[in-house]
Amino acid sequence: QKEVEQNSGPLSVPEGAIASLNCTYSDRGSQSFFWYRQYSGKSPELIMSIYSNGDKEDGRFTAQLNKASQYVSLLIRDSQPSDSATYLCAVKVETSYDKVIFGPGTSLSVIP
Amino acid sequence: EPEVTQTPSHQVTQMGQEVILRCVPISNHLYFYWYRQILGQKVEFLVSFYNNEISEKSEIFDDQFSVERPDGSNFTLKIRSTKLEDSAMYFCASSVGRQETQYFGPGTRLLVL
């Protein structure tokens, strides 16, 4: 059974701080990794995709991937109250064509 | 900016009834997907669709479910005889290619009574 694990939180950080979100996955052959943001009652919204080991930066967001450790993380710099949401880690399963497995999400609360 | 649209936004139905959820994927996308999210739980993959046929389906996608692209724009999910446990948010998604980012629609909240 392929699994994606995340700390459920809630993770609380003060406005302006760095929020660090972590994800581990069980399928060692996975090659595609995604971070989605989901506001309550809304659909997932893609923040970042990452495919290679190392860091990938996009504005205030940095995704980090370590395939050897089967670990992917998301850093949010200068956190804003509008970043308060649930962050979903998603992994494309290597052994299937299209299946993406989502983690349970980490709830982030940015305190003004 | 192009986006995936879904109708209806909410659907209430009686157990045993058939429902059809509709989606209009982004126009130049070729791959289409349905996911569901039971309240408070993970987003779960149901099915992918390409070139007018199912590409892959999960164990959730049993004989009660079917998908169709009836014309050049719509992509539908049919549940033949709804059960209480089918109550969930159903998301449609589409992507340009198999390895490309999947963009999600706003979802249809289905409540089975």
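1. A salt bridge is a side-chain nitrogen of Lys or Arg within 4 Å of a carboxyl oxygen of Asp or Glu. Glu3(A) and Lys42(B) form such a pair, with their closest N and O atoms 3.7 Å apart. A search of the whole structure gives seven salt bridges over all chains. Glu3(A) lies in the segment before strand 1 (4-6) of chain A and Lys42(B) in the loop between strand 4 (31-37) and strand 5 (43-50) of chain B, so the pair joins two chains. Strands here are DSSP runs (E, at least two residues), as helices are (H or I, at least four), numbered from the N terminus.

2. Before going on, note the ground rules. This is a predicted model: local features need pLDDT of at least 70, side-chain atom pairs count only at pLDDT 80 or more, and totals for chains, interfaces and linings use all residues. Residues are numbered from 1 along each chain as its sequence is written, chains are lettered from A and ligands numbered from 1 in the order in which they are written, and side-chain values use heavy atoms, with hydrogens and water left out.

3. How exposed are the two partners, Lys42(B) and Glu3(A)? The scale is relative accessible area: buried means under 20%, exposed over 50%, and partly exposed in between (1.4 Å probe, protein chains only). Lys42(B) has 28% and is partly exposed. Glu3(A) has 29% and is partly exposed.

4. Now take the contact between the chains as a whole. In chain A, 22 residues are in contact with 21 residues of chain B; contact means heavy atoms within 4.5 Å. The two chains bury about 1,700 Å² between them, with 48% of it on carbon and sulfur atoms. On the chain A side, Asp98(A), Lys99(A) and Phe102(A) lose the most area to chain B, together 32% of what that side buries. Buried area is the accessible area (1.4 Å probe) that two parts lose on being put together, summed over both. The rule finds three salt bridges across this interface.

5. Two salt bridges within single chains deserve a look. In chain A, Glu45(A) pairs with Arg37(A), the closest N and O atoms being 3.2 Å apart. Glu45(A) is partly exposed at 36%, whereas Arg37(A) is buried at 14%. In chain B, Glu44(B) pairs with Arg36(B) at 3.0 Å between the closest N and O atoms. Glu44(B) is partly exposed at 24%. Arg36(B) is buried at 11%.

6. Which strands does strand 3 of chain B run antiparallel to? One is strand 1 (residues 5-7), joined to strand 3 by three bridges. Here Gln6(B) stands opposite Cys23(B). Another is strand 8 (residues 75-79), joined by five bridges. There, Leu21(B) has Leu77(B) as its bridge partner. Two strands pair if DSSP finds at least two bridges between them.

7. Ile18(A) is exposed or buried? Ile18(A) is exposed, at 54% relative accessibility. Its place is the loop between strand 2 (11-14) and strand 3 (19-25) of chain A. Ile76(A) is 58 residues away in sequence, but 5.5 Å away in space, C-alpha to C-alpha. Leaving out residues up to four places away in sequence, Ile18(A) touches Val13(A), Leu75(A), Ile76(A), Arg77(A) and Ser79(A).

8. Compare two residues against Val91(A). Asp27(A) is 64 residues from Val91(A) in sequence and 8.7 Å from it in space, C-alpha to C-alpha. Ser109(A) is 18 residues from Val91(A) in sequence and 24 Å from it in space, C-alpha to C-alpha. Asp27(A) sits in the loop between strand 3 and strand 4 (32-38) of chain A and is buried at 8%. Ser109(A) lies in strand 11 (residues 106-111) of chain A and is partly exposed at 25%.

9. Their contacts can be checked too, apart from neighbours within four places in sequence. Asp27(A) is in contact with Lys2(A), Gln70(A), Val93(A), Glu94(A) and Thr95(A). Ser109(A) touches Leu11(A), Ser12(A), Val13(A) and Ser84(A).
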